[in-house]
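Let's take a walk through this structure together. Have the sequence and the model open beside you as we go.

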Amino acid sequence: MAPTEAAILSAFLLPPAPLPAIISLQKFTELFPRTQRGNPQIQHLYRELQHQRALDTDQVRQNIAAESKRGQRQMREAAKARRRSEQEELETDQTREIALENESFGHDSNLPIISAHTLASILPEMEKACSEIEAETTDIEAEAGEVLSNLRTTVGNLSDLRYGRFNKPGAADTVGKEVLDGLRSLEEVCDGISAD
């Protein structure tokens, strides 16, 4: 079986991501001047970098999952569009044939008789329609959950700003930028909700 999009992205993006895979603590310590290599803050700094790297890796993992879902939704939409196109093409061909037949033989020719659905023909159509509606409902619920999650994250970050809790070292230097980014994110999410 061919690898999925998520498997390919995970294989290339996640294994080389942990900090120890890039640089060991010993090599990291050797980057500092000899007089400072015994400082316990170096190990603390390395652990902090390792933690930040893990957070980034988690974000990449979430993005891979979201991209995989988006790809599946696009495939369903493409299949629907293809079916719609084929149906329209078939209807156009039938209309053309009927018009040609009418021109050639008049209106009393052998026009196709449209029959009502039978129980055997309607059940598969209804099951197909139900499964498509359920898939669309699931997609809409997932999108609503993502929007709600984004709103909660943005509001939580703004709450942290209000009460002076910053989760990153040196955050006081970048507070203004983060506030503007958070407000823009909140505005985008709200605009996305009102557009839908």
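A word on terms to begin with: a residue is called buried under 20% relative accessible area, exposed over 50%, and partly exposed in between, with a 1.4 Å probe and protein chains only. This is a predicted model, in which local features need pLDDT of at least 70 and side-chain atom pairs count only at pLDDT 80 or more, while totals for chains, interfaces and linings use all residues. Residues are numbered from 1 along each chain as its sequence is written, and side-chain values use heavy atoms, with hydrogens and water left out.

How confident is the predictor? On the pLDDT scale (the predictor's confidence in each residue, from 0 to 100), the protein chain averages 80, and 83% of the residues score at least 70. Confidence is highest in helix H3 (residues 25-30), at a mean of 88, and lowest in helix H6 (residues 175-195), at 74. Helices here are DSSP runs of H or I with at least four residues, numbered from the N terminus.

Let's turn to the aromatic rings. Rings of Phe, Tyr and Trp (its six-membered ring) pair if their centres lie within 6.5 Å; planes under 30 degrees apart count as stacked, over 60 as edge-to-face and the rest as tilted. The whole structure holds 2 aromatic pairs. Phe 28 and Phe 32 make an edge-to-face pair, 5.4 Å centre to centre with 75 degrees between the planes. Phe 28 is buried because its relative accessible area is 10%, whereas Phe 32, at 23%, counts as partly exposed. Phe 28 also pairs with Tyr 46, in a tilted arrangement: 5.4 Å centre to centre and 50 degrees between the planes. This pair links distant parts of the chain, as Phe 28 sits in helix H3 and Tyr 46 in helix H4 (residues 40-105), 18 residues apart. Tyr 46 has a relative accessibility of 3%, so Tyr 46 counts as buried. Through these ring pairs, Phe 28, Phe 32 and Tyr 46 are linked into a cluster.

Ser 68 is buried, with a relative accessible area of 17%. Which residues does Ser 68 contact, leaving aside its neighbours within four places in sequence? They are Glu 5 and Ala 6, where contact means heavy atoms within 4.5 Å.

Our last stop is helix H1 (residues 5-13), where Ile 8 lies. Ile 8 is partly exposed, since its relative accessible area is 39%.

Conventions. Helix = DSSP H or I, 4+ residues; strand = E, 2+ residues; numbered from the N terminus.
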